[in-house]
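Colleague: I would like to learn how to read a model like this one. Please take me through it feature by feature.

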Amino acid sequence: MEFLLFKAGNAQVFEKIFKSNYNKITGFCNQFIFDLDKSKSIAQESFLKLWLNREKVETANGIYSFLYTAARTECLNYLRHKNIEGKYHQKSIEEKEFLLSHDILNSFQLNEMEFSELEEAIKKAIEELPERCREVFIKSRFEGKKNREIAEDLGIALKSVETNMTRALKFLRKSLSEYLTILIALLLHL
């Protein structure tokens, strides 16, 4: 009986469904996105979609399926958006770092040939690293990954990541010692 009233647009029945399920849907969302305010917002959006599409719901159990599916979809959309924002933010930081590095190099009044020579020396030194050290260094310095992420990516212990990074930095310091002043200016943090 309540289901038919709901489908017919009875606001009191809808309010009852809302009150008895809002916290469940909010909790469900929060398991994915870990942001209570956004979870509440997504839960509300899910109920709004339910209300607007109530005539499409076929059974009483369909109400709950609809709510969880709508909430899940919104959570995934939110996470995708955050991921894109994160990539954009990372790219923006990398561009600013590049411009800053370039400005610092210009302040040293390096010509293109000296800059190319420096770039080539850095590439060569990185290529000469032992394979695991090179992988760890690239993931850390060029991909911006944390040690724990690197360990998971490569399937190695966290301590192994730290050891390889120390080894890589020591090797690069030695290999690039004649360029050290410029490298510091490039903010490689060796």
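Modeller: Start with contact: it means heavy atoms within 4.5 Å. Keep in mind that this is a predicted model.

Colleague: Which residues does Arg-54 touch, leaving out those up to four places away in sequence?

Modeller: Arg-54 touches Phe-6, Lys-7, Ala-8 and Gly-9. Arg-54 itself is found in the loop between helix 3 (36-52) and helix 4 (60-107).

Colleague: Is Arg-54 buried or exposed?

Modeller: Buried means under 20% relative accessible area. Arg-54 is buried, yet has no salt bridge. Its nearest side chain of opposite charge is Glu-55, 5.0 Å away.

Colleague: How many salt bridges does a search of the whole structure find?

Modeller: Nine. Look at one network: Lys-139, Glu-143, Lys-145 and Asp-153 are linked by salt bridges.

Colleague: What are the closest N and O distances for Lys-139 in its bridges with Glu-143 and Asp-153?

Modeller: With Glu-143, the closest N and O atoms are 3.7 Å apart. With Asp-153, they are 3.8 Å apart. The Asp-153 pair links distant parts of the chain: Lys-139 sits in helix 6 (residues 131-141), Asp-153 in helix 7 (residues 147-154), and 14 residues separate them.

Colleague: And which residue does Lys-145 pair with?

Modeller: Lys-145 bridges to Asp-153, with the closest N and O atoms 2.4 Å apart.

Colleague: Now the surface. Which residues make the nonpolar patch of about 220 Å²?

Modeller: Phe-32, Leu-76 and Leu-79 make that patch. A patch residue needs over 30% relative accessible area. Phe-32 lies in helix 2 (residues 11-33). Phe-32 is partly exposed at 37%, so its accessible area is over that cut-off.

Colleague: Step back to the whole chain. How many helices and strands are there?

Modeller: Nine helices and zero strands. Buried residues make up 32% of the 190 residues.

Colleague: How do I read the contacts by sequence separation?

Modeller: Take contacts between residues at least 6 apart in sequence: 60% join residues at least 24 apart.

Colleague: And the accessible surface?

Modeller: The total is about 12,800 Å². Carbon and sulfur atoms account for 55% of that surface.

Terms used: Residues numbered from 1 in each chain as written. Predicted model: local features only at pLDDT ≥ 70, side-chain atom pairs only at ≥ 80, totals over all residues. Heavy atoms only, no water. Helix = DSSP H or I, 4+ residues; strand = E, 2+ residues; numbered from the N terminus. Buried < 20%, exposed > 50% of the residue type's maximum accessible area, 1.4 Å probe, protein only. Areas by Shrake-Rupley, 256 points an atom, 1.4 Å probe, with all protein chains shown as cover. Lys, Arg positive; Asp, Glu negative; His and termini not counted. Salt bridge = Lys/Arg side-chain N within 4 Å of Asp/Glu carboxyl O. Patch = residues over 30% accessible without salt bridge, like charges linked within 9 Å, V, L, I, M, F, W, Y side chains within 5 Å.
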